[in-house]
Amino acid sequence: MLMLLKIQNDFDPVLSPESSLFVLKSKKQVSCQDILKVLDASKVCSSVQNFTDVYLRLPGIPSNAQLTEGECIRVRICEGRFALLIREPIREGNFIIQPKVDFDISASTVAGLLKLGYQAVAYIEASAVIYQDGKILIEVDHLQGVSTPYLQIKGTNKEIVTSAGSALCLDGSYTTKSYLQIILESLPADGNVSIGIHNQQAARLQELVEFIQSQGGSFNSDLSSPIRETSSTDSVIDDMQSRIRKLERWNTINMVLWTILLSALVGYSLYQKKRH
């Protein structure tokens, strides 16, 4: 029996501005010295992260169909953690608007998705150099197989992000394409299908799948009988639903606090007008 796991999230950058991250992306070359100039020197810190994005295609889609991001779930592996992209980013002008955080999941959950029929069809490996000062984060991403690094400016304040981009002379060079889109467009015309990208990456992709399955060992060992398979699948879905409910509660609390703050400001404004 084919099971399709659908994850629904109510993230809305208009209704939940405190949960939004505004991102500007460019492949224009910027020196480290120029990046440091736009950050607060007293608070700036830097780090390096290596991550791998694995794209799992939804069950039931023909294997020879053209690969598109909307048909995939992105799982990021970074520093031993697994994170699921909980909502497709929204494109608005030069900006990519996305949730502040991804959805942390366990290796056994990813192994469960593979067992449910999701197919690993592509991956991206990258190294990111990150600079931040508490207001904005500037990330220089070096994608494997791509000669030019991409720079991303991220922050919760749209104006500050815009100002940083202008200070780095990035105006006119922005793109809202995802890294998967960029990789797919770099392939030959006849390779821009799932089987084409799979053939180029097959060995490494298989290694990643085996790594995920080994990390989710307890899940795999429970699949020896149909009864245990059903039980394990249910536990995976219950785990994800539980985590989604927690995220929804947190978003609700944020919205309530935001509403109270706005109400207080409006009330104070009316009070001041009355006094005058």
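The model is a predicted one, with local features needing pLDDT of at least 70 and side-chain atom pairs counting only at pLDDT 80 or more, while totals for chains, interfaces and linings use all residues. Residues are numbered from 1 along each chain as its sequence is written, and side-chain values use heavy atoms, with hydrogens and water left out.

The chain holds seven helices and ten strands, taken as DSSP runs (H or I over at least four residues for helices, E over at least two for strands) and numbered from the N terminus. Of its 276 residues, 41% are buried, where buried means under 20% relative accessible area, exposed over 50% and partly exposed in between (1.4 Å probe, protein chains only). As for contacts (heavy atoms within 4.5 Å), 69% of those between residues at least 6 apart in sequence join residues at least 24 apart.

Now for the sheet. Ten strands make up an open sheet with antiparallel pairing, in the order β5-β6-β1-β10-β9-β8-β2-β3-β4-β7; two strands pair if DSSP finds at least two bridges between them. At the edges stand β5 (90-92) and β7, each with a single partner strand, so one side of each has no neighbour in the sheet. From one strand to the next, the twist averages 30 degrees, with axes being lines fitted to C-alpha atoms (for helices over the stretch in contact) and angles running from 0 to 180 degrees between N-to-C directions. Helix α3 packs on the sheet and touches β1 (20-26), β5, β6 (95-99), β9 (136-143) and β10 (150-155), its direction making about 150 degrees with that of β10.

The antiparallel strands β3 and β4 are joined by four bridges, and C78 has R81 of β4 as its bridge partner. In the loop between these two strands sits E79, a non-glycine residue with a positive phi near 55 degrees. E79 counts as exposed because its relative accessibility is 60%. C169, in the loop between α3 (158-167) and α4 (179-185), is not a glycine either, yet has a positive phi of about 60 degrees.

Turning to the inside, a nonpolar core is a set of buried Ala, Val, Leu, Ile, Met, Phe, Trp, Tyr and Cys residues joined through side-chain atoms within 4.5 Å. The largest one has 22 residues, of which V54, L56, V75, F82 and V110 touch the most other members. Two or more residues each come from β2 (45-57), β3 (72-78), β4 (81-84), β7 (103-105), α2 (107-115), β8 (119-132) and α5 (194-215). Beyond its neighbours within four places in sequence, F82 contacts several residues, including V75, F103, V110 and F211. Another core, of 19 residues, lies apart from the largest one, with F51, Y150, Y179 and I183 among its members.

Helix α2 is largely enclosed by the rest of the structure, because seven of its nine residues are buried. These are A107, T109, V110, A111, G112, L113 and L114. After α2 comes G117, with a positive phi near 115 degrees.

The largest pocket has 42 lining residues, and R76, Q98, D102, E139 and K154 are the closest to its centre. Strand β2 gives the largest share of the lining, five residues.

Notes:
On a 1 Å grid over the protein atoms alone, a cavity is a set of points where a 1.4 Å probe fits but cannot get out, and a pocket is an open set with protein on both sides within 12 Å along at least five of seven lines; lining residues have an atom within 4 Å of a point.
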